[in-house]
Structures are given as structure tokens and as C-alpha cells.
Amino acid sequence: MENVYKAEVGGKILSIGSGKIAKQASGSVVVQYGETIVLVSAVSSREERDVSFLPLSVEYQEKIYAAGRIPGNYFRRELGRPSEKETLTARLIDRPIRPLFPKGYCSEIQVIALVLSMDQKNDPDILAMIGASAALEISDIPFAGPIACVRVGRIDGKLVINPLISEYEHCDINIIVAGSETGIVMVEGGGNVVKEADLLEAIFYGHEALKPIIDMQKKLKLSNGVQKRPFVLPEKDKDLVNKIVPEASLQLRDILMIPGKQDRNKSLSVFKSDSLAKLGDDFTERRDEVYDICNDLIKSTMRDFILKEGRRIDNRKFDEIRPISCEVGMLPRPHGSALFTRGETQVLGVLTLGSGRDEQRVETLLGEEFRPFMLHYNFPPYSVGEAKRFMGPSRRDIGHGGLSTRAIEKVLPPKEEFDYTIRIVSEVMESNGSSSMGTVCAGILALMDGGVPIKAPVAGIAMGLVKDEDNVVILSDILGDEDHAGDMDFKVAGTKEGITALQMDIKIHELSKDIMEKALEQARLGRLFILDRMLEALEKPRENTSSYAPRIITVNINPDKIRDIIGPGGKMIRAIQSETNTQVEVDDTGLVKIAAFSQEESDAALQAIKDITMEPEVGKIYEGKVVKIMDFGAFVQIMPGCDGLVHISQLAPHRVAKVTDIVKEGDIVKVKVLEISKDGKIRLSRKAVLEEENASDSK
């Protein structure tokens with residue numbers, strides 16, 4: 001039976017319905033906001049997999065038909081590989097729901113969100129996340145929901161729930177807030193250098209606004225929900241635990257205090273294999289069970305260090321940042337480079353500058369977009385000492401790149417001041433905690449090294465949390481092991497003045513305002529420390545771009561001359577580019593951009609453009625070529641695409657009986673512009689030039 005529930009959210013009606021579409025899924029809902037509609041389904045298999053992780057997959061799909069268009073690619077259908085927006089939205093859905101499944105649940109779970117209609121006003125990503133929670137709530141899949149989310153924007157100092165897509169560019173805060181009825185579970189987004197207090201206000205303004213959506217899900221569950229399938233996590237063998245833990249605990253404490261990540265991991269691997277060997281041959285087949293007990297012991301011991309003994313495994317203070325080193329200008333041919341090292345996390349940032357033709361073209365539900373800034377994050381297996389199949393960018397790579405992009409793009413110069421396409425590549429060389437924030441630091445230094453006039457430098461830091469009832473510890477600049485054993489991964493990037501991007505994920509059910517406020521303040525202090533270390537390497541952007549970067553110059557021409565520059569079928573512009581080894585772009589307003597790799601080449605292209613587009617001036621003398629002979633005079637081309645008439649009476653100071661007595665086609669002559677009529681016809685005189693030359697000679 002179909003049921004639809006509605007509520008006002010952000011001044012518009014949001015509806016969640018179920019019971020009509022995709023009824024064979026474990027749970028399915030249709031979420032609508034304006035004329036944007038998203039179908040979300042959730043399915044879990046009955047068979048359990050023999051895995052030690054939650055087998056959850058989330059897919060988000062934007063079909064171009066939702067916007068009333070046909071795909072623009074060669075095949076005229078959506079390609080198999082998801083777009084960057086689809087990947088980022090899938091991760092956005094995954095992160096808040098993943099901690100809400102019971103620990104040890106091993107049946108495959110798949111959540112699919114499909115955009116059915118897109119009104120160009122309301123972003124479907126919010127609806128997809130709401131739909132994921134609702135579909136799981138009404139299904140038989142064990143799930144500790146519901147949760148909901150909203151987008152919070154701030155326009156002209158006023159907080160707005162779910163701003164229109166067209167309003168995004170006017171928002172100095174744009175974040176997605178996901179939460180339960182009583183707390184925050186995820187935050188994603190950024191701001192145009194905003195204060196921590198303002199961001200905190202926006203987060204909890206959003207939390208208040210999402211409560212009606214949670215109420216709708218509760219009602220939908222009562223009307224359309226089914227009984228949850230029984231799931232009881234098998235208890236660990238207490239006798240086996242008692243055989244391992246007492247002896248292993250003492251040994252484990254010493255291992256966890258080994259300073260280097262690789263050395264520590266090797267010792268932990270030996271520790272687990274030794275624990276199994278000490279039990280004897282009878283336990284060989286119970287290897288996974290023994291290793292699982294060892295992993296729980298490693299995690300609990302690490303948490304005890306922090307909560308009960310007040311120390312971290314590398315002996316840092318809770319708010320202490322690892323040693324930092326920064327180098328710039330390492331690579332000679334790229335247009336900027338920087339190596340940022342923080343502890344055992346190391347990132348190489350590489351900058352390349354290009355022209356407008358290098359902008360990324362992306363087909364979206366809103367139409368074609370052109371992006372003048374790109375940041376590509378790469379996480380090779382050697383960065384963590386592993387040997388794996390070398391593939392293209394993973395979802396994680398795209399997600400980390402998206403976060404770093406948001407952090408940096410807020411401080412890039414406007415196109416009017418720096419007319420380049422900018423690409424940063426992040427090559428992670430080592431990783432032990434927050435390579436995405438290392439990417440922000442390396443990327444900013446590479447921009448400064450490349451002479452990009454950024455508004456202010458940006459640094460990033462990853463914060464952690466270990467919580468046990470009322471005992472709460474916030475950790476600055478977390479290690480990978482601390483992330484694994486902790487309850488929160490909170491990444492914050494910004495300038496000295498405020499935040500440009502943040503991303504918060506938690507493994508517990510929710511966070512309070514007090515904890516978030518403390519985490520933001522501790523992150524601010526850590527960020528300032530990191531910025532100081534970065535500025536020691538390079539205080540400000542270099543005055544000039546690299547000698548290997550293209551030179552881009554612009555010139556405005558009369559729009560009527562655009563066709564002359566382009567020529568028939570593009571013949572003229574191709575010839576200019578080929579002869580001068582440049583790239584020339586012309587827009588409809590008459591703005592011409594020339595990209596060249598040397599001053600000589602750009603000067604040659606500019607002169608060619610001027611020659612074509614030069615406007616003749618009355619009274620000025622030009623040297624031109626006779627292009628046509630008539631009985632009444634000769635036509636002389638004084639510049640490309642521009643010719644005028646020299647009447648027979650203006651060919652010479654004396655009477656001329658026949659035009660060919662004075663000039664022939666192909667002759668080069670000097671002529672003076674006598675008049676330009678309203679319709680553009682040009683009257684020229686050779687006689688006036690000769691008279692002026694004679695007068696000059698007589699003096």
C-alpha cells in the first residue's frame with residue numbers, strides 16, 4: 001500500500017513515499033522536493049559472507065533524462081563509469097549510514113539512489129541521503145536510524161535551509177549536515193573563510209531543521225515498515241579470549257609504543273602470529289577468530305592509553321602536531337612544486353598552468369560545466385608499503401580530491417586577475433594519517449611556488465576523538481592507527497582568518513555541540529601552527545610564473561572583426577596558431593586570448609591579430625596592395641580584410657587617362673585615407689601622399 005508523508009523543510013514541501021515503486025527491494029522510497037525526484041532502494045542478501053568488514057555498497061546515479069536531455073557523448077547513453085558528482089554523492093550517503101549497522105553484520109547490503117527528475121533548482125544529493133535512511137528504516141535490514149540531512153547556506157548573513165542551486169555562488173557557507181534526532185552524525189562542505197563560531201551555528205541550525213524529516217520516516221516505518229530480521233552477533237569464545245589476553249596484554253603495550261609505523265605494524269603482525277602459535281596446532285583452523293580477538297585487544301589497549309593513561313602511542317600531547325618540513329621548487333619543468341611532510345605523511349604537490357582550452361568540460365544534469373581548476377589526488381600502494389594492482393582513481397581518491405578542492409578553490413584569484421586554467425596533482429608518497437589535509441598544504445605551497453596570486457595560504461588538519469561515556473579526549477593531527485581505533489575523523493582546512501572546508505565522520509551514533517566546539521577550536525590552533533611552518537618555506541607567492549608556463553595575453557577587438565580572425569572554416573585562426581606556435585581563443589564579446597610559451601611567439605600572434613583587426617583612421621597613410629583594377633580607379637588592400645577605392649582622380653597629381661598607366665594588380669603603393677563613410681566604404685588617395693612627399697622634399 002502506498003503511503004506518502006509530507007513536511008515543510010526550508011520553506012518548501014518535502015515528501016517521502018513508499019509502496020508504489022520497486023516493491024521487490026527490501027525497502028524503497030521516493031523522495032520529492034519541488035520537481036526533483038529520487039528513488040532509493042535498499043537490499044540485503046540472506047547469505048552471510050565470511051568477511052571481517054561490513055559489506056555495504058552505495059550507488060548514486062544521475063540519468064540525463066532526468067533533466068529532459070539526451071547524453072552528449074558519442075554513444076548517447078550514460079557511460080558505465082560514474083561521474084565525479086555521482087562518486088562524491090555516493091560517499092556522502094555511505095558515510096553517515098555505515099556506523100548505524102550492527103557490528104559483525106556480514107550479509108551484503110546495497111543501497112541504490114536513482115535520480116528520476118531534476119528541476120534545475122533543487123539538488124538531488126540531499127534527497128538521496130534522506131531516501132537511503134528511509135529505505136533502510138522500512139526494510140528488514142538491521143539499522144539504528146533514522147537519520148536525515150539538509151544543506152545549510154548563508155546568504156547576506158542569513159542562514160538558509162536547502163538553498164537553490166542558483167544561490168550556491170552567493171553562499172559564504174555551504175554545508176551538508178546529517179544527524180539523528182539528538183545529535184550530529186556527519187558534516188560536509190565549506191565556507192568562504194568563515195569563523196568557527198559561525199560554522200557551528202550553521203551546523204546546529206541545520207540539525208534543528210532536519211527533525212521534521214526524521215518524524216516523517218518514523219511515520220513511514222509505522223505504515224510501511226516490516227519487522228527487522230533477527231541478528232545476534234556471535235559472542236567470542238570466552239575460554240579462547242582468556243587464553244590469549246592475559247599474556248598478550250603485557251607484550252602488546254611495548255609493541256604499541258614502537259615509534260615507526262612500519263616497524264610497529266611488523267611487530268603487530270608477528271604478535272598475532274605468535275599468539276596463534278602459542279595456542280598449538282589444534283587452533284590452526286581458528287586463525288581468523290584468534291586474529292579478531294587480537295585486533296580487539298590492540299584497539300582497546302590503544303584507547304586505554306588515551307583515556308586512562310593520558311598518552312598517545314607516539315608520546316605526543318593530545319594537541320601536539322607532528323614534526324613538519326616543507327620544500328618548494330623541487331621539480332624544474334612543472335610550473336610549481338612542493339613537498340610537504342608531517343610525521344610519516346608526505347605529499348608531493350605539482351602545479352601545471354594552462355589556457356582556457358585546458359578547462360575541464362563536464363556534462364551534468366544542469367548542462368555543460370567548464371572548470372578552470374582541477375585537483376587530482378593519487379594514493380599509490382607504495383605510500384603505505386603495500387604491493388597492489390595499480391589502477392585508476394578509486395572512490396577514496398576522488399573523495400579526498402574533492403575535499404582538497406573545496407579547501408583550496410576559495411582562495412584562488414578570479415579569472416579577471418589570473419586568466420589560467422590551474423591543475424594540481426597530489427602524489428601521496430607516504431601515508432600515516434590525513435593525506436587529504438597534506439594535499440591541501442602541498443597544493444597551496446605548489447601554487448605559491450608557481451606564482452599564483454592566491455588570496456591567503458590554507459592549511460589542513462585531521463582531528464580525532466576517543467570517547468567512553470563521559471570521558472572524552474580530542475586528538476590533533478591523528479595517526480592512521482588513532483583513526484582506526486578512535487570514534488571520529490574530523491578534517492578542517494582554512495586560512496588564519498577562517499575555515500574554507502570541513503568534513504566530519506563519526507563511528508559512534510552522534511556528537512554533541514560541546515564536543516564539536518572544542519574540536520573546532522583545537523583544530524584552529526593546530527591549523528595556525530601548520531601555517532607558520534609552511535610560511536617558513538615560502539612566505540608569499542612568487543612574483544612571476546615559471547618560465548615554462550604559458551604566457552597569456554588578452555586584447556579586445558571589434559566584434560565585427562571576429563569573422564576576419566576566424567576566417568572561412570577557421571582557416572585564418574588555424575594559420576595564426578600554426579605560424580606562431582600559440583593558442584588563440586576568441587569569444588563573442590571580442591575578447592581575444594593568446595597563450596604562448598615565449599614572449600616572441602605571443603608578440604607574433606598579437607601582431608597578426610592587430611594586422612587583421614586594425615581599424616583604418618582618416619588622415620593616416622598606409623602601405624597597401626592593389627587587389628583590383630577598374631575603369632574608374634583601383635582597390636587597394638590596406639590591411640587584411642580591409643580595402644578601399646583610389647579613384648582615378650586620386651592616383652596622381654596630374655590627369656590620368658588610364659588606371660593601368662599608374663598601377664597594376666599586385667603593386668605595393670602608399671595611400672592616405674580621405675574618408676570612411678557610414679556604411680564602412682573607404683576613400684583613398686595616392687595623390688595626397690605624393691603631394692605631401694613633394695612638399696617635404698621642397699623644404
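The largest cavity of this predicted model holds about 60 Å³ of space, a cavity being a set of points on a 1 Å grid over the protein atoms alone where a 1.4 Å probe fits but cannot get out, and a volume being the space filled by probe spheres set on the points, which are joined across faces, edges and corners. The lining, made up of residues with an atom within 4 Å of a point, consists of Tyr33, Asn122, Asp123, Ile126, Leu127, Arg151, Asn162, Pro163 and Tyr168. Residues are numbered from 1 along each chain as its sequence is written, and totals for linings use all residues, whereas local features need pLDDT of at least 70.

Strand E13 (residues 345-354) is largely enclosed by the rest of the structure, because 9 of its 10 residues are buried, that is, under 20% relative accessible area with a 1.4 Å probe and protein chains only. Strand E12 (residues 336-342) pairs with E13 in the antiparallel sense over 7 bridges, where pairing requires that DSSP find at least two bridges between two strands, and Leu339 has Leu348 of E13 as its bridge partner. Strand E17 (residues 421-430) also runs antiparallel to E13, joined to it by 9 bridges, with Val425 of E17 as the bridge partner of Val350.

Definitions and conventions: This is a predicted model: local features need pLDDT of at least 70, side-chain atom pairs count only at pLDDT 80 or more; totals for chains, interfaces and linings use all residues. Side-chain values use heavy atoms; hydrogens and water are left out. On a 1 Å grid over the protein atoms alone, a cavity is a set of points where a 1.4 Å probe fits but cannot get out, and a pocket is an open set with protein on both sides within 12 Å along at least five of seven lines; lining residues have an atom within 4 Å of a point. Buried means under 20% relative accessible area, exposed over 50%, partly exposed in between (1.4 Å probe, protein chains only). Helices (H or I, at least four residues) and strands (E, at least two) are DSSP runs, numbered from the N terminus.
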